[in-house]
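Subject: Structure files and notes

Hello,

Here is the structure you were going to look at. Please open it first, then read the notes below it.

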Amino acid sequence: MIQLRNITKHYPVGFGKHEILKDVNLDIQQGEFVSIMGPSGSGKSTLLHILGMLEDASEGEYLFQDEPVHKMNDKKRTQLHRGSIGFVFQAYHLIDELTVYENIETPLLYKNVPSGERKSRVADILDRFNMVAKKDLFPTQLSGGQQQLVGIARAIVAEPAVIFADEPTGNLHSDQARQIMELFAELNKKDGITIVQVTHSDVNAGYGNRVIQIMDGRIQ
Amino acid sequence: MWRNYIKIAFRNIWKAKQVTFVNIVGLSVAIATALLLCMTVYKEFSFDKFHENGDRIFGIYKDVRTAEKVTPMNNTPHPLAPAIRAEIPGVKEVVRLVRNGVAVRTKGEQQAINATYTDPSFFSIFTFPLLKGETRLGLTDIVLSETTAKNLFGTADVVGKQLELKLEDTWRPFTVTGVLADPPENSSVMFSSIVRLENQPGYPGNKDNWFSFSLETFVELQPGTSPESVARASKALLEKYYGEDIARQKNAGAAPGPYGEYQLLGLIPMQEVHFSPNSNLGGEKKGLVLMLLFIAGFLLFIASINFVNLTLARSFTRAREVGMRKVMGAEKWQLSLQLWGEAFLLFVIALLTGGLIAFLMLPAYNSLFRSGVSFSLLLEPKFIGGIILTLLVVTAFAGGYPAALMARASTLLVLKGKMSTGRKNYFRNSLIVTQFVFSCLLIIATLIAWRQMNYLRNKPLGYNTSEVISVPVGARENGSALLERLRSDLKGQPGILSVTGANTNFGRGLDGSMSTSIISWENGGKDMQAHWQGVSTDYVQTMSLQLTGGRDFSAALASDSNSLVINEQMARQFGPGKGHVGFRFRMDDQVADATEYTIIGIVKDYHYKSLHNPIEPLILHLLGPDQRPAYIFVRVAPEALSTSMDRLAASWKRVAPETPFIGSFVSENTERQYRAEATLMRVFISGGVLTIIISCMGLFAMAMLIIGQRTREIGIRKVLGASAAGVATLISRDFLVLVGIAILIASPLAWVLMRQWLKEFAYRTDIHWSIFVLAGGMAMLVAALTVSFQSVRAALMNPVKSLRTE
């Protein structure tokens, strides 16, 4: 599903350049639950951003579902963001001015899902996550764990093939973290969604079935 | 999707209540002002567009060339129009008109109305809809406007009714033949009643007189005739009737025009009459009107600047939402549309509020600026189109720019909140500078205009203005008889010092009219020109003119009828050895029995005209028995001025019971002649105040947002030991530097513009450097106060609290 070939990422610094990723080669199959681990500054977030098409690699090839991402235009990438890719962030990034229900609904609006189907899909998800009672609350009225639940609900409502999660439990205490990770595991097993997460925690990595260690921009 | 956008828009508005409030109030005020100003401008530019043959109607004036300049003569003599019609090809119709007050009597009841003396072609040339009857205009027919008909008879159904007009002291009967709709407000040709020109007092004497200029003349050309061809053809016509004048012009070394002419008729397209300095019906200052448009534009502009700046500053907090939407697959146009839509929503709210404000302010506005606009203008399709267009342009600029900026930015950057809204935002800063440039410009303009007005008011005019009462005689009374009655009635009354009359007023009296008459002749091979004013006896004494030699006109000396009093300028024009007391001359050397005039007095130059004009040669002559003073002047004792005014009014009531007393002190009249300047002052002041308020509202909100963004920095600085004053200064300084730059840009600009304005006055103040210091200080002070509200609050915040918020 995802193939990286000799991916390199560097930023210009003065007259030289600062290399963040060096010659990364990586294959991720459909249905895998991959954890990317490594110390701060090792390049794991950058790798995730490149996988999620939020950033371009400086060099190398990236095939997503056998299509070359490095040759795609903006429009095509937007299409992938709408349909095939879901994101979960450490800081949740919910839209504060929208209710829980509306936050979850938003990706479907961009995907032009008809109103009736939108309602039933959002209702299903709320039901599944036990959040029906909270659907009219605003994000600031929820606890961190609940906010991240909404974040995940929003990520999967458009039924993506893959979810990229950037330290999804970084802001949560351990109980909440466990709940979130169990949810990821369940989505992976039951729904067959490919999950790629960046994490510091060995416990969290344990929920996945593969760990990629990264150090100084290289996969170990 | 739309519901989602609208919901989010309203929640955003609600979340940022203060900023939104500033935005909407600022915009509403700007929109209200812009609406009012644009209505005025629209009205001014819509003048005379309703005539069906408007593109073929032209007002006529005459250009006379001398060696130095071309002098336009706005009025035309009686025989000109028939001659144009007979001798110039391509002219379909001509019409002459003159408007004057007249007494009217219906069933014994007397009133004063305005009569327009004109030709029957009036009705075919101009397009004024007929309501009743027909537009027949025989010698004893009269056509009324609807309002006049209702005033006189209580109904508009008056065809066939009789009324009497007092013409040259006799009541003459007229029959109403038709009623026209009232002329629209945007018509240069106004009328309340229309009679034949032949009824005009003095018509027989003027009928064939080419040298008395008193009428407005309009022509309607045949389709396909160009006004240039008519102007060119007028050369021969004028040479035929003004041959002597033209010969004299040639002798005096006048420079011929493009057709080799010394005199030529000028044609003013009907639609330009309103702004033409060459028509007595027009003369509206186009520059002033355009300035209103300019002010409307820049008020909207600075309010939009607020909007852009506040939206940009707030995009900092919106960045996360925008980023997240991008991650979810929103396209650029969708984001731009959403953000623009929010701007649009705010603008619509502001437009409605502004419309309401404008509606409520309309009466006050009309009385302040004498604009006479009505809200029905808003329904004109052109006006609505203009509003919609402005709305789209302004929202595109104010909402679209920040939207595009955010939509374009890299997703990752906006998600991390790294929008370029830092302190070094040149775009935002230059907008703030622009606002304050306008503010400073207007402050400086106001100060300079105010100084000039003060100068005009306080400059000694060379005659007594504060103790002389001027009373217009009006249409019903015989001026000379009235003057005599008044003189004998006031004789011996306490506080009344002397009484005289004249055919011209000083300044602009309560009758609203001003007049000038200029005489020119040849003396010893030299072209002479002078203002020619008829006065009654005791004029010099009453007005406290200062004699440098000779004496005043005296009632005791019968020979004074051919005597003249001149001013120093006139004496200078005569040249050495001539313009002295006792000098005799004739105005027409060729005619042996022409009147011989004797100079009996020379007065010091005084400002008988407004201070726009330098003092020109002036001749005062004694009004003869058949020439009647139109104004009576009464000099009263300096103590108890108002008692004397009452005494005069009481006496007036005794001697002229039918004419209302509309006396005023000459000082009030002279002030009234600076009406245009006074209006301009009000425009400057109102514009300046509004600009400053709106700019400061923007500054206030901007300071609030920036301090919000710098909360952490301020907290850290305080923890590290910064004093409250230090923090407040730190924040204010950034803004004050911008205001300082604005002052530096505005000052030279204002200097150039205002120097141009001052050139309109023959007598003017200088532009003192202290004005710039004062204006700069004011702008700085206002800005500092505005910012200090926020900066002091920030400085006094508990650092622990401000650090915790991050």
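**Where the chains meet**

Between chain A and chain B there are six residue pairs in polar contact, with both residues at pLDDT 80 or more. A polar contact is a pair of N or O atoms within 3.5 Å; within protein, one must be able to donate a hydrogen and the other to accept it, and residues adjacent in sequence count only if both atoms are side-chain atoms.

On chain A, helix 2 (74-83), strand 6 (85-89) and helix 3 (100-110) each supply at least two residues of the side that touches chain B. Helices (H or I, at least four residues) and strands (E, at least two) are DSSP runs, numbered from the N terminus. The residues on that side of chain A divide into 11 nonpolar, six polar and eight charged. Here Ala, Val, Leu, Ile, Met, Phe, Trp, Tyr, Cys and Pro count as nonpolar, Asp, Glu, Lys and Arg as charged, and the others, Gly among them, as polar.

A note on the source: this is a predicted model, in which local features need pLDDT of at least 70 and side-chain atom pairs count only at pLDDT 80 or more, while totals for chains, interfaces and linings use all residues. Residues are numbered from 1 along each chain as its sequence is written, chains are lettered from A and ligands numbered from 1 in the order in which they are written, and side-chain values use heavy atoms, with hydrogens and water left out.

The contact (heavy atoms within 4.5 Å) takes 25 residues from chain A and 25 residues from chain B. The area buried between the two chains is about 2400 Å², and carbon and sulfur atoms give 58% of this. Buried area is the accessible area (1.4 Å probe) that two parts lose on being put together, summed over both. His93(A), Glu97(A) and Tyr110(A) supply 31% of the area that chain A buries against chain B, more than any other three residues.

**Salt bridges**

A salt bridge is a side-chain nitrogen of Lys or Arg within 4 Å of a carboxyl oxygen of Asp or Glu. Why does the pair Lys75(A) and Glu331(B) join two chains? Lys75(A) lies in helix 2 of chain A, and Glu331(B) in the loop between helix 9 (286-327) and helix 10 (332-369) of chain B. The N to O distance in this pair is 3.8 Å. Three salt bridges are counted between chain A and chain B. Glu331(B) is buried, at a relative accessible area of 13%; buried means under 20% relative accessible area, exposed over 50%, partly exposed in between (1.4 Å probe, protein chains only).

Within chain B, Glu220(B) and Lys92(B) form a salt bridge at 3.6 Å, N to O. Glu220(B) lies in strand 10 (residues 216-221) and Lys92(B) in strand 3 (residues 91-106), so the pair ties together parts that are 128 residues apart in sequence. Glu220(B) is buried at 1% relative accessibility, whereas Lys92(B) is partly exposed at 36%.

Regards
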